[in-house]
Amino acid sequence: MRDQLSHLVFSTEKGQLCPGCKEAVEQCICDQLADQERLGSLDGVVRIRRETAGRKGKGVTTISGVPLAEKELKELAKKLKQQCGTGGSLKDGVIEIQGDHREKLKQLLEQRGFNVKLAGG
């Protein structure tokens with residue numbers, strides 16, 4: 001218990017420290033490490049599925065497995081939302097597009113050179 005509570009959180013040399021990587025908050029590399037770990041676990045197949053669970057019956061199209069870094073993933077999500085003319089978001093490496101746009105998204109992603117599969121019902 002004592003070991004868990006006794007970790008360095010501030011240094012006069014570095015300032016406030018990140019609890020994950022023990023570096024200064026300005027030089028924190030936790031996001032980069034998480035992004036590399038996410039990219040390493042992908043199999044190269046982009047999966048598109050329609051989901052309604054937990055959304056009060058409203059359907060969204062989710063795109064997972066895109067082998068891009070976080071910054072490029074945000075740009076791709078923005079372009080796909082514009083192409084579909086709807087809203088959406090990016091959560092934990094999964095792009096969510098409001099509505100059922102599976103076929104259109106499959107075409108757009110295949111044009112960009114991704115290996116795409118339609119998953120689920």
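Student: How many salt bridges does the structure hold?

Tutor: This is a predicted model, and four salt bridges are found in it.

Student: What makes the contact of Asp-43 and Arg-47 a salt bridge?

Tutor: The N to O distance between their side chains is 3.2 Å. The cut-off is within 4 Å, so the pair qualifies.

Student: Why is Asp-43 called exposed?

Tutor: Its relative accessible area is 52%. Exposed means over 50%, so the label applies.

Student: And why is Arg-47 called partly exposed?

Tutor: Arg-47 has a relative accessible area of 26%. Buried would need under 20% and exposed over 50%, so Arg-47 falls in between.

Student: How do you know that Asp-100 and Arg-50 form a salt bridge?

Tutor: Their side chains meet at 3.8 Å, N to O. That value is within 4 Å, so the pair counts.

Student: Why are Asp-100 and Arg-50 both labelled partly exposed?

Tutor: Asp-100 has 42% relative accessibility and Arg-50 has a relative accessible area of 36%.

Student: Which residues are linked in a network of salt bridges?

Tutor: Arg-50, Asp-100 and Arg-102 are. Asp-100 pairs with Arg-50 and also with Arg-102, where the closest N and O atoms are 3.0 Å apart.

Notes. Residues are numbered from 1 along each chain as its sequence is written. This is a predicted model: local features need pLDDT of at least 70, side-chain atom pairs count only at pLDDT 80 or more; totals for chains, interfaces and linings use all residues. Side-chain values use heavy atoms; hydrogens and water are left out. Buried means under 20% relative accessible area, exposed over 50%, partly exposed in between (1.4 Å probe, protein chains only).
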